[in-house]
Amino acid sequence: MSRPSIRDRAWAAALVAPLVLFLVLFFVWPLWTMVTASVVDDAVTKVLPRTAAAMAQWDGNDLPPPAVQTAFAEDLRSAEDQQALGEAVRRLNSAVSGFRTLLSRTVTAAREAADLASLDLAAIDRRWSDPRFWRAIRDAVPPYTDRNLLAALDLKRDASGNITAEDPGTAANRVIMLRTFVIAGTVTLVCALIGLPYAMLAASASGLVRALLLLAVLLPLWTSLLVRTAAWFILLQQEGLINDALMAIGLIDGPLPLIFNRLGVIIAMTHVLLPFMVLPIYSVLIAVPRNLMPAAASLGAGPLRAFWRVLLPLAMPGLMSGCLLVFMVAIGYYITPALVGGANDQMISSVIAFYALGTANWGMAGALGLILLAVTLLLYVVYGRLSRSPQLPGGA
Amino acid sequence: MGAFIAFKNVTKKFGALTVVDNLDLEIAKGEFVSLLGPSGSGKTTLLMMLAGFERPTSGEIFLDGKPITHLPPHRRQMGMVFQNYALFPHMTVAENVAFPLEMQRVPRAEIVRRVERALDMVRLGALKDRKPSQLSGGQQQRVALTRALVFEPDVILMDEPLGALDKQLREHMQLEIRDLHRRLGLTIVFVTHDQSEALTMSDRIAVFNAGKIEQIDTPQMVYDRPRTRFVAEFIGETNLVAGKVVDAGGERAVVRVGDAALSVCGNVQPGRDVSLSLRPERIRLGSTPAAANALPVTVADCIYHGDHMRLVLKSGSLELVARAERLAGDWPVGTEAVASFDPQDCTVLAS
């Protein structure tokens with residue numbers, strides 16, 4: 001075999017270039033942006049570089065030395081970028097409220113002052129004699145922070161820098177994250193319970209029946225998620241098709257609460273995610289030789305034992321990938337819980353959307369996203385371990 | 001000897017298609033019976049009905065005198081060897097062989113002992129911890145066989161088990177199965193479309209055609225005394241000769257073929273038009289008549305086959321194929337000779 005020439009290599013590189021470019025542009029870069037957004041905290045440092053340097057001299061007790069105050073005044077005077085200043089103000093205001101008015105007043109004073117060294121900040125605003133405000137600036141100085149990541153897990157640092165739990169009143173992320181996993185887990189379980197028999201049926205059928213069964217699973221995949229969810233909205237509501245039908249045949253007296261609660265979310269999500277369970281199991285099952293079940297029967301295994309000992313172990317790789325797929329997609333669900341769920345059925349994505357779209361707090365949005373990513377990766381590693389099964393040739 | 005397995009008036013239809021047509025078959029205990037026939041002749045369907053995977057449309061199947069027609073497969077105590085072995089890919093060789101014993105809830109220690117003994121019997125003891133995918137075709141076949149034998153079933157069913165093996169291995173396995181049958185006294189029902197396989201292994205061969213058994217007999221009888229044209233043509237090569245019975249008595253008859261009168265074997269009425277079957281290797285070629293039947297012939301073609309020659313002989317309008325051993329000399333095209341054959345090698349077929 002001859003070694004590929006440089007020309008050949010260039011060709012090969014050119015062929016994969018669009019893929020690499022696409023991955024970098026639409027996968028690596030956004031991911032990196034999200035990760036950095038969650039830990040970078042340079043809004044204050046960018047506007048107050050001299051203050052940041054001078055802060056090193058201050059131990060954090062009482063008021064900072066005059067050098068810090070002078071540096072601060074100089075920074076404020078030379079702050080030209082209004083947008084950067086605004087971001088710094090928002091950052092500081094989120095730590096201690098009152099910074100908005102305080103800073104705008106101080107900036108005006110600093111610009112008008114003739115001699116910055118003799119400028120008495122406490123005279124401009126009494127709040128500068130309160131160490132709390134100075135401490136907030138000092139805390140905002142380091143360019144990287146774990147504040148967002150801790151907050152995403154309902155943790156914070158107290159005044160002395162130790163990690164403590166968030167006040168129960170404001171802590172909501174852990175509850176929502178737990179709820180996300182419970183909903184995703186329930187949906188995965190229901191999908192497995194429906195999907196495994198369905199895939200077995202589709203794999204054992206042939207011709208038109210198999211085509212129809214697979215079409216029934218694939219059809220939802222070809223429909224927009226929004227349309228499918230809206231359809232469930234119509235079906236599940238109080239005067240919806242399901243309640244009307246159940247009441248018409250006299251099975252129930254009043255309408256069942258099917259929507260704006262957990263049940264509705266699980267029904268709608270199961271429907272949407274079922275293909276991700278059925279297809280991997282189906283693809284594994286059609287590769288299972290058809291005569292294995294008759295063989296088990298001829299060797300004395302009843303249908304149940306033949307299923308348990310032969311078919312289920314062979315379907316396991318498909319079942320595992322199906323569960324992983326469904327769970328990973330489910331924990332990121334946003335539209336369906338938003339449309340058919342109640343206030344207590346919102347999942348972590350809605351919190352991310354709140355931070356990203358509602359308050360433009362990209363740090364928090366990034367931190368929550370990072371935690372979601374970490375959980376997904378962890379699951380993937382677990383799956384990789386489990387699926388490295390000894391039944392594969394050479395694995396024994 | 002009473003019938004161990006009995007099919008009584010068994011018919012199987014798939015829609016409008018009759019696959020097994022009102023069939024009777026009896027198999028004795030310890031017998032090796034091959035079901036031989038072309039594909040679609042109903043032999044596999046019959047096996048599937050015996051195993052319990054198909055239900056007869058009508059008729060009954062008996063095992064040891066008890067009707068089993070409606071018994072589910074896992075209660076039938078029949079070990080089955082499938083075409084592609086059907087080994088469980090997620091289990092080791094030992095686990096595969098242990099499977100039927102586990103299903104019978106045999107104690108753990110006894111399972112280990114019996115699996116070991118069974119695997120040693122087919123010389124697979126060293127491979128017991130391998131997965132089926134790590135075995136060769138012949139080894140997989142032996143594991144499948146062992147798995148079907150280990151729980152000491154009443155009957156072993158085999159559905160073209162050697163079809164996927166190459167010729168040499170197939171012949172080796174034929175002898176091995178035949179040997180196991182003799183040593184263990186097994187009752188074996190063996191489906192095949194390979195006539196040489198059926199001839200080599202069986203006590204009796206049932207030749208299937210279009211859902212019916214054309215003939216059931218020992219290999220020698222099926223080959224030497226085919227009852228029908230189908231059997232004569234399906235098994236081995238034969239010359240079919242058309243003629244008219246001119247004289248008959250007992251098992252002997254005289255049939256006029258063209259100008260010649262041949263003494264033949266068969267119970268027929270004078271005056272009837274019949275077909276005769278004459279195996280090519282039964283024709284002796286020489287310069288003088290050497291048997292009761294002798295026809296003057298001309299060698300029309302001579303085909304070289306390595307260990308033998310195939311000769312096409314012409315006698316008037318009659319054309320015969322003969323097999324000549326290499327030792328019998330050369331027969332160049334155009335040679336005038338005499339083809340001799342005995343009456344018992346010339347069988348009258350039911351038309």
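Which residue forms a salt bridge with B:Glu176, and how far apart are the closest N and O atoms? The partner is B:Arg142, and the closest N and O atoms are 3.6 Å apart. A salt bridge here is a side-chain nitrogen of Lys or Arg within 4 Å of a carboxyl oxygen of Asp or Glu.

This is a predicted model, in which local features need pLDDT of at least 70 and side-chain atom pairs count only at pLDDT 80 or more, while totals for chains, interfaces and linings use all residues. Residues are numbered from 1 along each chain as its sequence is written, chains are lettered from A and ligands numbered from 1 in the order in which they are written, and side-chain values use heavy atoms, with hydrogens and water left out.

**Salt bridges**

Over all chains, the whole structure holds 27 salt bridges. Side chains of opposite charge can pair when their charged atoms come close.

| Pair | Closest N and O atoms |
|---|---|
| A:Arg157 and A:Asp146 | 2.4 Å |
| B:Glu102 and A:Arg309 | 2.6 Å |
| B:Glu176 and B:Arg142 | 3.6 Å |
| B:Asp345 and B:Arg282 | 3.6 Å |

In the opening pair, B:Glu176 forms its salt bridge with B:Arg142. The two lie in distant parts of the chain, B:Glu176 in helix α5 (residues 167-184) of chain B and B:Arg142 in helix α4 of chain B, 34 residues apart. Helices (H or I, at least four residues) and strands (E, at least two) are DSSP runs, numbered from the N terminus. Both B:Glu176 and B:Arg142 are buried. Buried means under 20% relative accessible area, exposed means over 50%, and partly exposed lies in between (1.4 Å probe, protein chains only).

B:Asp345 forms a salt bridge with B:Arg282. B:Asp345 is in the loop between β19 (336-341) and β20 (346-349) of chain B, and B:Arg282 is in the loop between β14 (273-278) and β15 (284-286) of chain B, so this pair ties together parts that are 63 residues apart in sequence. B:Asp345 is buried, at 16% relative accessibility, whereas B:Arg282 is partly exposed, at 33%.

In chain A, A:Arg157 forms a salt bridge with A:Asp146. Strand β1 (residues 155-157) of chain A holds A:Arg157, and the loop between α8 (131-140) and α9 (147-152) of chain A holds A:Asp146, so the pair ties together parts that are 11 residues apart in sequence. A:Arg157 is partly exposed, with a relative accessible area of 42%, and A:Asp146 is partly exposed at 28%. A network of salt bridges links A:Arg105, A:Asp125 and A:Arg127.

**Where chain B meets chain A**

The contact (heavy atoms within 4.5 Å) takes 24 residues from chain B and 21 residues from chain A. About 2,000 Å² is buried between the two chains, and carbon and sulfur atoms give 65% of this area. Buried area is the accessible area (1.4 Å probe) that two parts lose on being put together, summed over both. B:His74, B:His90 and B:Met103 supply 30% of the area that chain B buries against chain A, more than any other three residues.

Between chain B and chain A there is 1 salt bridge, and B:Glu102 forms a salt bridge with A:Arg309. On the side of chain B that touches chain A, β6 (78-81), α2 (93-103) and α4 (137-149) of chain B each supply at least two residues. The largest share, 4 residues, comes from α2(B).

Of the 11 residues of α2(B), 10 are buried. Among them are B:Val97, B:Leu101, B:Glu102 and B:Met103. Their cover includes α15 (292-298) and α16 (303-331) of chain A, together with α3 (108-121) and α4 of chain B. After α2(B) comes B:Arg105, with a positive phi near 55 degrees.

A:Asn291 lies in the loop between α14 (262-285) and α15 of chain A. At 17% relative accessibility, A:Asn291 is buried. Not counting residues up to four places away in sequence, A:Asn291 touches B:Phe82, B:Asn84 and B:Ala86.

**Cysteines**

The whole structure has 0 disulfides over all chains, a disulfide being a pair of cysteine sulfur atoms within 2.5 Å. For A:Cys191, the nearest cysteine sulfur is that of A:Cys323, 8.7 Å away. A:Cys191 is buried, at 0% relative accessibility, whereas B:Cys302 is partly exposed, at 25%.
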